[in-house]
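Hi,

Here is the structure I promised to pass along. Please open it first, and then read my notes below.

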Amino acid sequence: MSTSTTEAPGAHTAIPADPGPPRRGRARPMRRAVPLRRRILRDRGVLLLALPGILLTFLFHYVPLAGNVIAFQDYQPYLPITEAPWVGLDNFAIIYRGDPAFLNALTNTLIISFVQIVLVFPIPLALALLLNSLMGERVKRVVQSVLYMPHFLSWVIVVAIFQHILGNGGLYNNWARVQELPLLEIVGNPDLFIPLITSQVIWKDAGWGMIIFLAAISRVDIEQYEAVAVDGGGRWRQLWHVTLPAIRGVVILLLILRLGDALTVGFEQIYLQQAAVGLQTSEVLDTYVYNRGVVGGAWSQSAAVGLVKGVVGTVLVLGANKIAHLLGQPGIYQKEKR
């Protein structure tokens with residue numbers, strides 16, 4: 001005789017308790033690294049598209065690095081590199097012994113580079129913030145086109161434009177002579193050489209740098225601006241609390257890359273204007289290497305200066321990138337986390 005059990009009226013089935021969030025001590029699953037071969041097969045389309053650029057970069061940027069061996073030789077153009085006698089570090093004597101011409105070029109390079117980092121680098125960022133905050137889309141596109149158009153002009157044309165406008169026989173001085181006004185001595189004045197080349201760099205490249213910052217600003221979520229506006233924040237608070245933090249990584253990246261070129265301040269621009277102001281004012285490391293090596297025939301010593309300049313640039317990039325990592329920014333590269 002079987003007995004049946006009936007559930008008492010009003011009784012409820014037991015519901016299992018919620019286990020809640022996992023404990024902190026529970027081990028997280030390890031993410032396995034994808035093998036290199038599988039990553040190559042996965043990204044083969046992108047790699048094929050990038051292959052021409054990789055080959056050109058390797059051919060014209062990495063293969064010529066082997067020529068730095070002449071910095072340790074007594075190189076002569078009419079002899080093969082393999083037959084040039086080795087001299088060790090003798091060619092670097094102009095650096096550690098303080099050759100006056102080298103020290104003058106180094107001093108001018110550091111001054112110009114410092115001025116351009118302090119004055120030129122923030123201007124594209126300021127232009128991008130101004131366009132993004134104060135202008136509509138139509139006006140923004142027109143202003144962008146006008147500002148970045150000079151970037152596509154060569155330095156020969158840029159220098160010629162400044163000379164035809166501000167030179168002693170330029171448009172302004174010719175007009176000032178007719179009006180019996182004081183003349184401007186800008187082009188060819190050694191005291192105004194650094195402000196002149198700085199203004200040329202700003203006019204030529206500020207618009208191009210502005211495009212990069214505008215692209216970074218366009219990725220900012222509109223809802224963040226709306227949240228600040230709801231809290232009563234105006235344009236300045238939106239700029240300070242939303243825009244600048246969002247593009248901080250791009251600003252740091254471009255600053256690190258600029259530090260890598262700290263000892264490169266523009267060969268074509270300065271060489272085209274050296275005759276007007278003299279070497280004492282305008283000689284920089286790039287023109288020093290050309291004047292001493294190609295013109296003067298001291299190939300090995302010029303190669304030694306160029307090699308040191310490249311090493312210093314590399315150290316600056318790696319050091320700035322390490323500082324960026326310590327500040328919590330990705331920098332120009334970062335190690336893959338496994």
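Tyr-148 is partly exposed, because its relative accessible area is 26%, between the 20% and 50% cut-offs. In this predicted model, the ring of Tyr-148 pairs with that of Phe-152: their centres are 6.0 Å apart and their planes meet at 70 degrees, so the pair is edge-to-face. Phe-152 counts as exposed, at 57% relative accessibility. Ring pairs also bring in Trp-208, making a cluster of Tyr-148, Phe-152 and Trp-208.

A search of the whole structure gives 10 aromatic pairs. One of them joins Phe-102 and Tyr-288, with ring centres 6.1 Å apart and planes at 65 degrees, so this pair is edge-to-face. It links distant parts of the chain: Phe-102 belongs to helix 4 (residues 100-120) and Tyr-288 to helix 16 (residues 285-295), 186 residues apart. Phe-102 is buried, at 6% relative accessibility, and Tyr-288 is buried too, at 2%.

There is also a charge over a ring: the charged end of Lys-204 sits 5.2 Å from the centre of the ring of Trp-155.

Now to the nonpolar cores. The largest has 17 residues, and those touching the most other members are Leu-125, Ala-128, Leu-129, Ile-217, Ile-247 and Val-251. Two or more residues each come from helix 5 (122-134), helix 9 (193-217), helix 10 (222-230) and helix 11 (235-246). Helix 9 gives the most, with five residues. Leaving aside residues up to four places away in sequence, Val-251 touches Phe-121, Leu-125 and Phe-213. Another core lies apart from this one and has nine residues, including Val-159, Ile-186, Val-187 and Val-201.

Best wishes

Conventions
Residues numbered from 1 in each chain as written. Predicted model: local features only at pLDDT ≥ 70, side-chain atom pairs only at ≥ 80, totals over all residues. Heavy atoms only, no water. Core = buried A, V, L, I, M, F, W, Y, C linked by side-chain atoms within 4.5 Å. Buried < 20%, exposed > 50% of the residue type's maximum accessible area, 1.4 Å probe, protein only. Helix = DSSP H or I, 4+ residues; strand = E, 2+ residues; numbered from the N terminus. Contact = heavy atoms within 4.5 Å. Phe/Tyr/Trp six-rings, centres within 6.5 Å; stacked < 30°, edge-to-face > 60°. Lys NZ or Arg CZ within 6 Å of the ring centre and 35° of its normal.
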